[in-house]
Amino acid sequence: MEIDGFQQLDLEKSVPSKKTTPKRIIHFVDGDIMEEYSTEEEEEEEKEEQSTNSTLDPSKLSWGAYLRFWAGRIASTSFSTCEFLGGRFAVFFGFTQPKYQYVLNEYYRIQNKKSDNESEGNGSKTQAAEVPNEKCHLEAGDREYGTIQQDTAEAISQ
């Protein structure tokens with residue numbers, strides 16, 4: 001009798017209680033097949049997603065739930081619309097552009113000019129501008145700066 005009991009327990013363990021289907025079957029080139037089963041956690045997550053994604057039927061709700069449903073829907077739609085339009089208006093009006101970029105460009109231009117002057121020595125005083133509408137930049141206090149050159153000013157004074 002006990003042997004039958006052990007055999008019965010072994011049979012219960014070997015026969016699965018519920019039939020599980022593989023989540024994915026992968027066929028390899030060499031003919032091997034691998035079956036991938038979902039875990040209990042994944043199944044619970046899928047059930048939660050299905051319950052949250054299911055749409056409510058407003059006609060079956062009570063008045064309080066009906067009003068909360070529509071208030072939530074209006075609020076979420078309004079927020080999404082404002083967020084979308086706010087981003088579009090920010091790009092349109094230029095709020096996403098740096099405000100003082102021209103100052104930074106001028107600073108980097110001066111730094112590059114100083115490093116070029118140190119590496120070249122006393123080469124040409126003019127330098128091509130990075131800004132496309134300006135042709136050249138002159139240092140303040142140079143001979144070429146201003147309308148009257150120093151030699152002509154000395155000649156006029158004598």
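This is a predicted model: local features need pLDDT of at least 70, side-chain atom pairs count only at pLDDT 80 or more; totals for chains, interfaces and linings use all residues.
Where is E45 found? In helix α2, which covers residues 40–53.

Residues are numbered from 1 along each chain as its sequence is written, and side-chain values use heavy atoms, leaving out hydrogens and water.

Okay, the overall layout. There are five helices and four strands in the chain, and going along the sequence you get α-β-β-α-α-α-β-β-α. Those are DSSP runs, numbered from the N terminus: helices are H or I with at least four residues, strands are E with at least two.

How much of the chain is buried? Just to be clear, buried means under 20% relative accessible area, exposed means over 50%, and partly exposed is in between, using a 1.4 Å probe and protein chains only. Of the 158 residues, 6% are buried. As for contacts, meaning heavy atoms within 4.5 Å, take those between residues at least 6 apart in sequence: 9% of them join residues at least 24 apart.

Now, salt bridges. We're talking about a side-chain nitrogen of Lys or Arg within 4 Å of a carboxyl oxygen of Asp or Glu. How many does a search of the whole structure find? Two.

One of them pairs E36 with R24, and their closest N and O atoms are 3.1 Å apart. E36 sits in strand β2 (residues 33–36) and R24 in strand β1 (residues 24–27), so this pair ties together parts that are 12 residues apart in sequence. Both ends are partly exposed: E36 has 25% relative accessibility, and R24 has 43%.

Then there's R109 with E106, where the closest N and O atoms are 2.5 Å apart. These two both lie in helix α4 (residues 101–120), three residues apart, which is about one turn of the helix. Is R109 buried or exposed? R109 counts as buried, at 9% relative accessibility, whereas E106 is partly exposed at 35%.

Back to E45, as promised. E45 is partly exposed, with a relative accessible area of 47%, and it belongs to a negative surface patch along with E40, E41, E43, E44, E46, E48 and E49. For a patch like that, residues need over 30% relative accessible area and no salt bridge, and like charges are joined within 9 Å. Asp and Glu count as negative here, and the place of a Glu charge is taken as CD.

How values were computed. Patches are made of residues with over 30% relative accessible area and no salt bridge: like charges are joined within 9 Å, nonpolar side chains (Val, Leu, Ile, Met, Phe, Trp, Tyr) within 5 Å. Accessible areas come from the Shrake-Rupley method with a 1.4 Å probe; for residues, only the protein chains shown count as cover.
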